[in-house]
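Subject: Structure handover

Hello,

Here is the structure for your files. My notes on it follow below.

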Amino acid sequence: MDKDISLLMAEIPHLRRYARALARDPQTAEDLVQSCLERALRRFHQWQRDRRLRPWLLAIMHNLHVSAIRQRAGEPASVPLHETMAAATAGDQESRFDAKRVLEAARELPEDQRLAVLLVGVEEMSYKDAAEMLGIPVGTLMSRLHRGREQLRRLLGLTKVVPLPQRAK
């Protein structure tokens, strides 16, 4: 059991990152991580040891998130009164700013594209694992990923405008 717990502990940073992307609220994200770990511990006997642990955990988290959305469907939306900002650290502020900018832009993506971009781009899951986790064909995942990346480029102003060739007069 100790080995199982250490396996789960190693995945917590990945779970937190994915939860923050899903929930868009630090408090809700922490609750989602807690619920995911609790469910994983209760059902650890269901994990197939010949499969990777992270996709299994992310699938649990995704299902918990979808269930929570369905439960809140009839409730009025809540908006946090203030956003918390991470304290600046020396050295890599610019890369943190870029990463924060990309994650903020990802929040603007439709849910299906955002999940595809986060699972493949941020969590570095294979197309097969991400598609399996979302319950969609690999081709559908690739399509959502392409559209999501294109939309991210537009949101970040990274698209190049190629001038059309001038016609001879």
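Does Asp129 count as buried or exposed, and at what relative accessibility? Asp129 counts as buried, because its relative accessibility is 17% and buried means under 20% relative accessible area, with exposed over 50% and partly exposed in between (1.4 Å probe, protein chains only).

Before the rest, the basis. This is a predicted model, in which local features need pLDDT of at least 70 and side-chain atom pairs count only at pLDDT 80 or more, while totals for chains, interfaces and linings use all residues. Residues are numbered from 1 along each chain as its sequence is written, and side-chain values use heavy atoms, with hydrogens and water left out.

Asp129 sits in helix H6 (residues 127-134); helices are DSSP runs of H or I with at least four residues, numbered from the N terminus. Leaving aside residues up to four places away in sequence, Asp129 touches Arg52 and Pro55, where contact means heavy atoms within 4.5 Å.

Aromatic pairs

Searching the whole structure gives two aromatic pairs. Rings of Phe, Tyr and Trp (its six-membered ring) pair if their centres lie within 6.5 Å; planes under 30 degrees apart are stacked, over 60 edge-to-face, and the rest tilted. Phe44 and Trp47 make a tilted pair, at 5.4 Å centre to centre and 55° between the planes. The pair of Phe44 and Trp56 is edge-to-face, because the planes are at 85°, with the centres 6.0 Å apart. This pair links distant parts of the chain: Phe44 is in the loop between helix H2 (26-42) and helix H3 (53-72), and Trp56, 12 residues apart from it, is in helix H3. Phe44, Trp47 and Trp56 form one aromatic cluster. Relative accessibility is 6% for Phe44 and 10% for Trp47, and both Phe44 and Trp56 are buried.

Helix H5

Helix H5 (residues 111-122) has 12 residues and spans 15 Å from first C-alpha to last, close to the expected 16 Å; the expected span is 1.5 Å times one less than the number of residues. Its buried residues include Leu115, Val117 and Leu119, as well as Gln113 and Arg114. After H5 comes Glu124, with a positive phi near 55°.

Surface patch

Ile5, Met9 and Leu41 make a nonpolar surface patch of about 270 Å². Nonpolar patches join side chains of Val, Leu, Ile, Met, Phe, Trp or Tyr within 5 Å, from residues with over 30% relative accessible area and no salt bridge. Ile5, in helix H1 (residues 2-23), is partly exposed at 36%.

Regards

Key. Patches are made of residues with over 30% relative accessible area and no salt bridge: like charges are joined within 9 Å, nonpolar side chains (Val, Leu, Ile, Met, Phe, Trp, Tyr) within 5 Å. Accessible areas come from the Shrake-Rupley method with a 1.4 Å probe; for residues, only the protein chains shown count as cover. A salt bridge is a side-chain nitrogen of Lys or Arg within 4 Å of a carboxyl oxygen of Asp or Glu. Helices (H or I, at least four residues) and strands (E, at least two) are DSSP runs, numbered from the N terminus.
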